[in-house]
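The following exercises concern side-chain interactions and ligand surroundings in one protein model. Please inspect the sequence and the coordinates before reading the solutions.

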Amino acid sequence: MAKLKLALYWSATCGGCDVAVLDTNEKILDIAEIADIVFWPIAMDFKRHHVESMEDKSIDVCLFNGSVRNSEQEDIAKLLRAKSKTMVAFGACACFGGIPALGNFTDRAGIFERAYIEAPSNDNLGKTLPQTLTQVAEGELDLPEFFDTVLTLAQVVDVEYFLPGCPPPVDLILKVVDALATGQLPPVGSVIALDKTLCDECPRIKEEKSISKIYRPHEIIPDDKKCLLEQGIICCGPATRGGCGARCIKANMPCRGCFGPPAGVVDQGAKLVSAIASIYNAVSEEEVSRMVEEIVDPAGTFYRFGLADSLLKRKRLEPSEGA
Ligand code: SF4
Ligand code: SF4
Ligand code: SF4
């Protein structure tokens, strides 16, 4: 059987998704058995022109990690889409925007102001900001355009499969590889995980208890047998797709939502607000206000991985601003 042609790309990413591929350890040899890697910038010295010279649809599968935050990433997503038969959004950033999409709570100007002017480590008295075009003696230098809005991969190109997680767990990566090798692929549009919520696969005891105080993880040593949310720790399990094997819960830490919303849920953050509000034991407005205050960084908590893919998507831009 001819080997699959496989491409891997990192866009707006931390690199953890590429490390997850390496975490397959000796199983990476199984991947090498069935696939030739034709593009993988983090690990191999391929250049963009190598991809440009490939026939359209000559790559069997592209595993694309990271969200899309600048024009270069958008161009390469489109290039890889043209060259690939199957596009997989690999990891929470590609699927839902992920951590980079928290930048959608501000905009390009706000990010540049913080990164290049306000940050205490800067030495930038001239307040120089990155430009897409700069004239120098040798000619013109160009940089990719930094977008106001971080996008998911599917907001830029068509995507066949979604493999969630920050990063995706090794067993699910191998499941995808196995499906590709055997041709037993799920329907296009599938999320390679469970349809139900993490709570459904969580082994902890649920007592249908209400809560009257919210704790941050460092403020309490939770009972490792009982539901964390019912102990007052914000756990995203009720609004998060199962399939990771409850890996954070097994480490006695709450779920942070990296598998995105379960099937049928449009907005993970709204679902989580609803789930938490339903177990609040607060009888007065003061108590409700106190408990709301106890959630530090609610926007970042409820939309940690999913802002770009949520109904909110981003903070409202003024009409004169870009998108
Ligand atoms: S999904 Fe997580 S591990 Fe992967 S690139 Fe995004 S932040 Fe990194
Ligand atoms: S809220 Fe968290 S700890 Fe509780 S059952 Fe759901 S996943 Fe488990
Ligand atoms: S428990 Fe939640 S945050 Fe942790 S890996 Fe699973 S889905 Fe992601």
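The model is predicted, so local features require pLDDT of at least 70 and side-chain atom pairs count only at pLDDT 80 or more, while totals for chains, interfaces and linings use all residues. Residues are numbered from 1 along each chain as its sequence is written, chains are lettered from A and ligands numbered from 1 in the order in which they are written, and side-chain values use heavy atoms, with hydrogens and water left out.

**Exercise 1. Determine how many salt bridges the whole structure contains, and characterise the one between Lys3 and Asp36.**

Step 1. The criterion is a side-chain nitrogen of Lys or Arg within 4 Å of a carboxyl oxygen of Asp or Glu. Applied to the whole structure, the search returns 15 salt bridges.

Step 2. In the pair of Lys3 and Asp36, the closest N and O atoms are 3.4 Å apart. Helices (H or I, at least four residues) and strands (E, at least two) are DSSP runs, numbered from the N terminus.

Step 3. Accessibility is classed as buried under 20% relative accessible area, exposed over 50% and partly exposed in between (1.4 Å probe, protein chains only). Lys3 is partly exposed at 38%, and Asp36 is partly exposed at 37%.

**Exercise 2. Describe where the partners of the salt bridges Lys78 with Glu74 and Arg108 with Glu145 are placed.**

Step 1. For Lys78 and Glu74, the closest N and O atoms are 3.9 Å apart. Both residues lie in helix α4 (residues 71-83), and because they are four residues apart there, about one helical turn separates them. Lys78 has a relative accessible area of 43% and is partly exposed; Glu74 is also partly exposed, at 22%.

Step 2. For Arg108 and Glu145, the corresponding distance is 3.5 Å. This pair links distant parts of the chain, 37 residues apart: Arg108 is in helix α6 (residues 108-118), and Glu145 is in the loop between β7 (139-142) and β8 (146-151). Arg108 is partly exposed at 24%, as is Glu145 at 36%.

Step 3. Salt bridges with shared partners join Arg108, Glu145 and Asp148 into one network.

**Exercise 3. Classify the ring pairs Tyr9 with Phe39 and Phe112 with Tyr116.**

Step 1. A pair of aromatic rings is described by the distance of the centres and the angle of the planes. Rings of Phe, Tyr and Trp (its six-membered ring) pair if their centres lie within 6.5 Å; planes under 30 degrees apart count as stacked, over 60 as edge-to-face and the rest as tilted. The count by this rule is four aromatic pairs.

Step 2. The ring centres of Tyr9 and Phe39 are 5.9 Å apart and the planes are at 5°, so the pair is stacked. Since Tyr9 lies in strand β1 and Phe39 in strand β2, the pair ties together parts that are 30 residues apart in sequence. Both Tyr9 and Phe39 are buried, and together with Phe64 they form one aromatic cluster.

Step 3. For Phe112 and Tyr116, centres 5.5 Å apart and planes at 85° make the pair edge-to-face. The two residues are four apart in helix α6, separated by about one helical turn. Phe112 is buried at 11% relative accessibility, whereas Tyr116 is partly exposed at 35%.

**Exercise 4. Is Asn65 buried or exposed, and which residues does Asn65 contact?**

Step 1. Asn65 is found in strand β3 (residues 59-65). With a relative accessible area of 3%, Asn65 is buried.

Step 2. Contact means heavy atoms within 4.5 Å. Leaving aside neighbours within four places in sequence, Asn65 contacts Tyr9, Trp10, Ser11, Thr13, Cys17, Asp18, Phe90 and Ala94.

**Exercise 5. Which residues surround ligand 1, and how does the shell around ligand 3 divide by class?**

Step 1. A residue is near a molecule if one of its heavy atoms lies within 4 Å of it. Ligand 1 is surrounded by Thr13, Cys14, Gly16, Cys17, Ala92, Cys93, Gly165, Cys166 and Pro167. Elements giving two or more residues to this shell are α1 (16-22) and α5 (92-96).

Step 2. Ala, Val, Leu, Ile, Met, Phe, Trp, Tyr, Cys and Pro count as nonpolar, Asp, Glu, Lys and Arg as charged, and the others, Gly among them, as polar. The shell around ligand 1 has six nonpolar, three polar and no charged residues.

Step 3. The shell around ligand 3 includes Arg247 and Arg256. By class, this shell has six nonpolar, two polar and two charged residues.
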